[in-house]
Amino acid sequence: MRIGAFRKTALALAGGLAATALAGYPAHAATGTYTGFVFNTSSVSEPTIYDFINSATTTLDMTMYELVDTTAVNDLVAREKAGVTVRVVLDGQHASYNSSAISKLKAAGVGVVESNTSRFTYTHQKTITIDGDQSMILTGNLTSKYYTTSCDYGVIDTDATDVAAIEKVFNADYANTAITPGDGDDLLWSPNTATSRLLSVINGATKTLDVEEEEFSSSSLVSAVVARAKAGVQVRVVVEDPSSYSSEVSEVKAAGGTVVGYSSSTGYYIHAKAVVADYGLSDATVELGSMNWTSNSLDSNRELGIILNDTGVEKVVETQFNSDYAGGTAQ
């Protein structure tokens, strides 16, 4: 991670909030819709995430590991002043890093709490819910200095069961009370169901499996990827800093998979956490979320992700994956 032990955490949704995304997002809907998006270094005047924040009319609940973005903070303050009830849960380990945002939000009357570090090692989740009927699930944080160089994804989810599950967990975390998260229709949580549900995506691949991860050390997940490659599935992996995962990379390659990597601290950075299984087939599946493939992230942190059979989201992630795979260094 990019801050201390978590130095590699950034939100740049495939390169930055000041960047290209799918145009707009769905209007409030009674039935669930999903909009996947990617940010890259092509500029756009009003990033999707700011538009999303500014569209809140009654409530806005945010859980964020890092919040160091003046525009986003100002937008939250403006929503509060406009009569929207704004509440924010920030990681308790990052009080000093998030201190500017905390001070400004509290001064404006925004409800801000820092997560209980005895309950979770890190609150690493990155989610924004507006008006109780739309949730934005991200793989990265609101840390503007990384926006132009990092790769990340997001999904806007209007599935009512998903949003209700996310809000129930938010309310518990905001109140610092214990809860067992519900998976709704499409969700996976750490620490609860992340490992088992990720394994279901990996093990379900029959033709192709594309994996894009910042960290790549979970023995159970890597072993599942290796097993798929041995079973004849075309496995491709994009990973940040492959030298840190040399044994895992070697296992994938020995099983017949291919791996490319990125390793520049100042250049393009793979912060994404995403999997696409059997792209182009009728039962293709895409997963993305805040959880890294590490034991700490999967077993000890508060994390949230989403698993979908949605051709639109699959295409967004797969298109960016192909670009990142083509641009990486073969291992």
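D173 counts as buried, because its relative accessibility is 12% and the cut-off for buried is under 20%. This residue is found in helix 4, which covers residues 160-175. The model is predicted. The mean pLDDT of its protein chain is 89.

**Confidence**
- A pLDDT of 70 or more is reached by 88% of the residues in the protein chain.
- Where pLDDT is low, predicted coordinates should not be read in detail.

- Leaving aside residues up to four places away in sequence, D173 touches V89, F120 and R302.

**Helix 3 (residues 99-107)**
- The buried residues here are A101, I102 and L105.
- Viewed down the axis of helix 3, the buried residues lie within an arc of 100°, so they line one face of the helix.
- In an α-helix there are 3.6 residues a turn, so residues three or four places apart point the same way.
- S100 and A107 are exposed, on the face of helix 3 turned away from its buried side.
- The cover over the buried residues of helix 3 includes strand 5 (67-68) and helix 2 (70-81). Strand 6 (85-90) and strand 7 (111-114) are also part of that cover.
- G109 follows helix 3 and has a positive phi, near 90°.

**Strand 18 (residues 273-277)**
- Five of the five residues of strand 18 are buried, so the strand is largely enclosed by the rest of the structure.
- Side chains in a regular strand alternate between the two faces of the sheet.
- From strand 18, K273, V275 and A277 point one way. A274 and V276 point the other way. Residues on both sides are buried.

**Partners of strand 18**
- Strand 14 (residues 208-213) pairs with strand 18 in the antiparallel sense, over five bridges.
- Within that pairing, which residue stands opposite V275 of strand 18? It is V211.
- Strand 19 (residues 285-289) also runs antiparallel to strand 18, joined to it by four bridges.
- A274 has L288 of strand 19 as its bridge partner.

Definitions and conventions: Residues numbered from 1 in each chain as written. Predicted model: local features only at pLDDT ≥ 70, side-chain atom pairs only at ≥ 80, totals over all residues. Heavy atoms only, no water. Buried < 20%, exposed > 50% of the residue type's maximum accessible area, 1.4 Å probe, protein only. Helix = DSSP H or I, 4+ residues; strand = E, 2+ residues; numbered from the N terminus. Arc of directions from axis to C-beta. Contact = heavy atoms within 4.5 Å. pLDDT = per-residue confidence, 0-100. Pairing = 2+ DSSP bridges.
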